[in-house]
Amino acid sequence: MLNLLKSWVKNSLKLILLLTIFLGISTAGWTPTSNASLPAGNAITDGKALLRYALPIDNQPVRKLQASLEDISNQLRANKRWSAVNNDLKQASRILDKPSQILASIPEERQPQAQAWVTELKSGITQLQEIVKTKRKEAVLEGRAKLLDLVSLLEESMVTKFPFEVPAEYSNLPQLKGRATIAFKTNKGDLTVVVDGYSAPVTAGNFVDLVQRGFYNGLEFTRSEESYFLQTGDPVGKEVGFIDPETGKYRAIPLEILVQGEKEPTYGITLEEAGRYLDMPVLPFSSFGALVMARPENEPNGGSSQIFFFLFEPELTPAGRNLLDGRYAVFGYLTKGQEVLDKLKAGDKIESATVIQGMENLIQPPAVS
C-alpha cells in the first residue's frame, strides 16, 4: 500500500510539473502550448528515423527493410533479445535478395549509385550478423546506424519531385522544396539539424533563409525549461521577430502541419481547433531535439524567427500522447549533438548557424517591385 501511495504521489508531481511548465509557457506567449505512431506500435523517438519515415515515397520493400533495422534498437533496449535481432537481420537480408523491388522506384540516372548502396547493405548485414554473435550491444547499434544511413540514401534517391503545391497566398515567403542541413556552433559545442521542407516547406524555408542571412549568429538562447524546451531567435531590440528589409514589415509565418496520410499540410489552424483530435502529424513531438516554430499563444500565423528545441523527456511528455502535437509546427530534428543540446541553457549563445547542405532547395519569393 505504501509503495502504491509513493507511486501515486510521484506521478501526481510529474503531472503538476508538466501543467506548470505548460501554463507558464502559454501565458508568456512565445513558446509551446496529439500523437505520433509512425509506423503503428511504439512511438518513434529517434529524429533520424522520423525523418526517414517522413520522406514522400511509396516503396513498401524499402520501408520494410528500414523497419527491420529500426527494430533492432527496440530489441536491445531492455532485455537484449538477441534472437529477435537475428530475425530482424534475416528479414532485412531476404528483402535485399530481391533488389529489383527497391530499385524499381529509383530513376534510371540514379540506378548505378543505388545498386552500389544495395550491395553495401547486403555486405553490411552479413557483417552485422557476425557482430550479433558476440553480443556486443554498442557494436551492434553502431553497425545498425551505418546500415540505416545507407537506407536513408536509398529512400532519398526515390524522391524525384516536390509532392504538392504550396498555396499561392504564401508565395511571398521563402520555401524549402526538399531538405537542408544546418550546423550550429554554440559556446558549449556543435549541433547539427536537418529541416524538412517536404513536410513544412514554408516554415523550413523561412528558417533556412534566416540562417543564410546570418540572423541567428550571436543570438542567445532566451528561455529554457529543463527536460522541456530551449528557445532562441529573439533579435536584440524591441522587435520579437524578423523584419524583412525589403518590405520593412514583420515576416509572419503560418502554422503549417502535415498530417499522416494527407498529401499537403494544413495551414493557419491547430488540429485541436479544427476538431481533429486523433490526427497525427508526420513530424511529431516525440524526439529529443525536435525543432519547432514558436509563435504567440493566440496567433497561429504569428510565428517569425523564434524557434525552440523540444527536450523530450518520456515521463513528462510521453511520445504519442503529447499536448503539443498539432498545436505547434515541428519542421526538423537534431541529428548530431544531443549531449551539447542537453547542456545548453538560457543565456548560452549561438556563435554561428550555417547551411551546410540543401541550399539549392531554397526557393526565394519574387522580388518586391
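**Figure 1. Thr192 in strand β3 of the predicted model.** Thr192 belongs to strand β3, which spans residues 189-196; strands are DSSP runs of E of at least two residues, helices are runs of H or I of at least four, and both are numbered from the N terminus. This is a predicted model, in which local features need pLDDT of at least 70 and side-chain atom pairs count only at pLDDT 80 or more, whereas totals for chains, interfaces and linings use all residues. Residues are numbered from 1 along each chain as its sequence is written, and side-chain values use heavy atoms, with hydrogens and water left out. Thr192 has a relative accessibility of 16% and therefore counts as buried; buried means under 20% relative accessible area, exposed over 50%, and partly exposed in between, with a 1.4 Å probe and protein chains only. Apart from neighbours within four places in sequence, Thr192 is in contact with Thr181, Ile182, Tyr333, Leu334, Thr335 and Lys336, where contact means heavy atoms within 4.5 Å.

Figure 2. Strand β13 covers residues 350-357 and includes Ile350. The relative accessibility of Ile350 is 0%, so this residue counts as buried. When neighbours within four places in sequence are set aside, the contacts of Ile350 are Phe184, Lys185, Thr186, Tyr216, Asn217, Gly218, Leu219, Phe221 and Thr232. The C-alpha atom of Ile350 is separated by 9.2 Å from that of Lys188, although these residues are 162 residues apart along the chain.

Figure 3. Rings of Phe, Tyr and Trp (its six-membered ring) pair if their centres lie within 6.5 Å; planes under 30 degrees apart count as stacked, over 60 as edge-to-face and the rest as tilted. By this rule the model contains 15 aromatic pairs. One of them is formed by Tyr228 and Phe310, an edge-to-face pair at 6.2 Å centre to centre with 75° between the planes. Tyr228 lies in the loop between β4 (221-225) and β5 (229-232), and Phe310 lies in strand β11 (residues 307-310), so the pair ties together parts that are 82 residues apart in sequence. Tyr228 is buried, at a relative accessible area of 3%, and Phe310 is buried at 0% relative accessibility. The ring centres of Phe229 and Phe308 are 6.2 Å apart and their planes stand at 75°, so this pair is also edge-to-face. Phe229 in strand β5 and Phe308 in strand β11 are 79 residues apart, and their pair links distant parts of the chain. Both Phe229 and Phe308 are buried.

**Figure 4. Aromatic cluster and charges over rings.** A cluster joined by ring pairs comprises Phe184, Phe207, Phe215, Tyr216, Phe242, Phe309 and Phe331. A charge sits over a ring if NZ of Lys or CZ of Arg is within 6 Å of the ring centre and within 35 degrees of the ring normal. Lys177 is placed over the face of Phe162, 5.1 Å from the ring centre. Arg295 is placed over the face of Tyr328, 4.3 Å from the ring centre.

**Figure 5. Helix α4 and its cover.** Helix α4 (residues 82-96) has 15 residues and reaches 21 Å from its first C-alpha to its last, close to the expected 21 Å; the expected span is 1.5 Å times one less than the number of residues. Its buried residues are Trp82, Ala84, Val85, Asp88, Leu89, Ala92, Ile95 and Leu96. They cover an arc of only 165° around the axis, which puts them on the same side of α4; the arc is that of the directions from the helix axis to the C-beta atoms. Ser83 and Arg94 are exposed on the other side of α4. The cover over the buried residues of α4 includes α3 (60-77), α5 (99-103), α6 (111-134) and α7 (137-157).

**Figure 6. Non-glycine residues with positive phi.** Lys135 is not a glycine, yet has a positive phi of about 55°. The loop between α6 and α7 contains Lys135, which is exposed, with a relative accessible area of 53%. Ser227, likewise not a glycine, has a positive phi of about 65°. Ser227 lies in the loop between β4 and β5 and counts as partly exposed at 26% relative accessibility.
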